[in-house]
Amino acid sequence: MAAVMSIAAVYLSLYAKPYIVIIVGIMVFTGFLIYLKKTGIPGFYVIFIMMFPIMCLRTEESMEKLCYQGQLLDETYAACVNGYIADIKQSENGYAVYIRNAFVMPDSWGRQFKSGLVVYSEKRFANPGDEVKIKVTLKDFNIPSNEGQFNARKYYTSLGFNYCADLSDVVNVQSGSSYISSIYRFADSIKNIYQNAYSEQNAGIMQSIVLGDRSGLDDVVKRMYQKNGISHILAISALHVSLVGMFIYDWLKKRIGRIASACFSTFLIISYLCMTGYSASASRAVIMILVYMLADVLGRTSDMANTLGIASVILLWINPYNLINSAFWLSFLAVAGIIYIKPILSDDKTILIYIRRPDKKNVGIFQLILFRIADRLLQACVLQLRHFR
């Protein structure tokens, strides 16, 4: 319920008039109070319906960062930027420097704001993890001129980078002392190892699989993975997070206890998430695994549907513009398909509804293998349903 309210609130806040948001909020709240009175459900559940106004306010707060979008095309605005470099990607035209949560102080405006920024430079002036103070010329990301064209502005906004800029001058560069800075430096050192140890093509593949960085991926290799339907291997998702976190948690809890292993695994998983760039799919997987470990430590069981709802609420709270990110929807729809559609097609008694499973005591090895393969194929088919619209 909280997840549905959050998604509705963000969508209406982004695309509807304010009075429509207010009317819908009043209708939802009134309807839910009537429902509570008739069913006798505890009033505590009102807190879930309160996610609607709370998320509306959060979205409005996030929209303030975009108040200058669309104003940077006709005029030139100089600004001073302070922040930590999260990543640097090289292209044919130079370097793209990604700065998260940078303090941007425009010269012509008296108001500073905090936002992610992509700075384009001809030369590499710093390394990931460095704290920089630079002067830039602010710009907007491009918007599509034709229907169906890639919308760079929406894409980067959904990632937390609301503006781009051209580098004008480097005022100060110093090595960051925070833990996040050390994570960024560690990720960059891994890239350097791959570039030195592998060929250019293989280094790009390893960077994509391990760190989620596709900047060095060859176009021919990318198309080959897409053509064979396995491009998800190149994205940081639940598979990567599970390999890094869950294996260590299950292995350590038998040796040092659940609490200690959960703390260590949490530290490791969140560090890996920072290192790979906070993608929507990886963030969703991290939140669901953290809830699973918390439930296991408390001696409880985690419900996948509620855990998925918790993940959606947290991600939309962090960045409401995740709602326009295709990775957000593909990741959540994939898990929703496993939760809601897979049990309809395959359960403990039947498979494909009409085919009855044999009794476990009398099942042969061949039948067991056959039904296991059928289960996996059904799960793969359910995951592919997210691509249809």
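This is a predicted model: local features need pLDDT of at least 70, side-chain atom pairs count only at pLDDT 80 or more; totals for chains, interfaces and linings use all residues.
Me: Which residue does aspartate 166 form a salt bridge with?

Reply: The partner of aspartate 166 is lysine 139, and the closest N and O atoms of this salt bridge are 3.3 Å apart. Aspartate 166 belongs to strand E5 (residues 161-175) and lysine 139 to strand E4, so the pair ties together parts that are 27 residues apart in sequence. Lysine 139 is partly exposed, with a relative accessible area of 29%.

Me: How many salt bridges does the structure hold?

Reply: There are eight salt bridges in the structure. One of them joins the side chains of aspartate 87 and lysine 191, at 2.6 Å from N to O. That pair links distant parts of the chain, with aspartate 87 in strand E1 (residues 77-91) and lysine 191 in helix H6 (residues 179-197), 104 residues apart.

Me: Are aspartate 87 and lysine 191 buried or exposed?

Reply: Aspartate 87 counts as buried at 16% relative accessibility. Lysine 191 is also buried, with a relative accessible area of 8%. Both residues are placed in that class because their values fall under 20%.

Me: And what does aspartate 188 meet in a salt bridge?

Reply: The side chain of aspartate 188 meets that of arginine 124, with a distance of 3.4 Å from N to O. Aspartate 188 is buried, with a relative accessible area of 11%, whereas arginine 124 counts as partly exposed at 36%.

Me: Which residues are linked in a network of salt bridges?

Reply: The network links Asp250, Lys253, Arg258 and Asp296.

Me: Changing topic: where is arginine 100, and what does it touch?

Reply: Arginine 100 is in strand E2 (residues 94-106). Leaving aside residues up to four places away in sequence, arginine 100 touches Tyr84, Ala86, Gly116, Leu159, Phe161, Tyr184, Gly277 and Tyr278. The C-alpha atoms of arginine 100 and alanine 86 are 6.4 Å apart in space, and the two residues are 14 apart in sequence. Arginine 100 itself is partly exposed, with a relative accessible area of 21%.

Me: Now the second largest pocket. What volume does it have, and which residues lie nearest its centre?

Reply: The volume of the second largest pocket is about 570 Å³. Its lining has 20 residues, and those nearest the centre are Met1, Ala3, Ala305, Gly309 and Ile310. Helix H1 (2-15), helix H12 (304-318) and helix H13 (326-345) are the elements that give two or more residues to this lining. The largest share, seven residues, comes from H12.

Me: How do the residues of that lining divide into nonpolar, polar and charged?

Reply: The lining of the second largest pocket has 17 nonpolar residues, three polar and no charged.

Me: Last one: what does the protein come to as a whole?

Reply: Its secondary structure comes to 14 helices and seven strands. Of the 389 residues in the protein, 40% are buried. The accessible surface is about 22800 Å², and carbon and sulfur atoms account for 60% of that area. Among contacts between residues at least 6 apart in sequence, 66% join residues at least 24 apart.

Notes. Residues are numbered from 1 along each chain as its sequence is written. Side-chain values use heavy atoms; hydrogens and water are left out. A salt bridge is a side-chain nitrogen of Lys or Arg within 4 Å of a carboxyl oxygen of Asp or Glu. Helices (H or I, at least four residues) and strands (E, at least two) are DSSP runs, numbered from the N terminus. Buried means under 20% relative accessible area, exposed over 50%, partly exposed in between (1.4 Å probe, protein chains only). On a 1 Å grid over the protein atoms alone, a cavity is a set of points where a 1.4 Å probe fits but cannot get out, and a pocket is an open set with protein on both sides within 12 Å along at least five of seven lines; lining residues have an atom within 4 Å of a point. Grid points are joined across faces, edges and corners, and a volume is the space filled by probe spheres set on the points. Ala, Val, Leu, Ile, Met, Phe, Trp, Tyr, Cys and Pro count as nonpolar, Asp, Glu, Lys and Arg as charged, and the others, Gly among them, as polar. Contact means heavy atoms within 4.5 Å. Accessible areas come from the Shrake-Rupley method with a 1.4 Å probe; for residues, only the protein chains shown count as cover.
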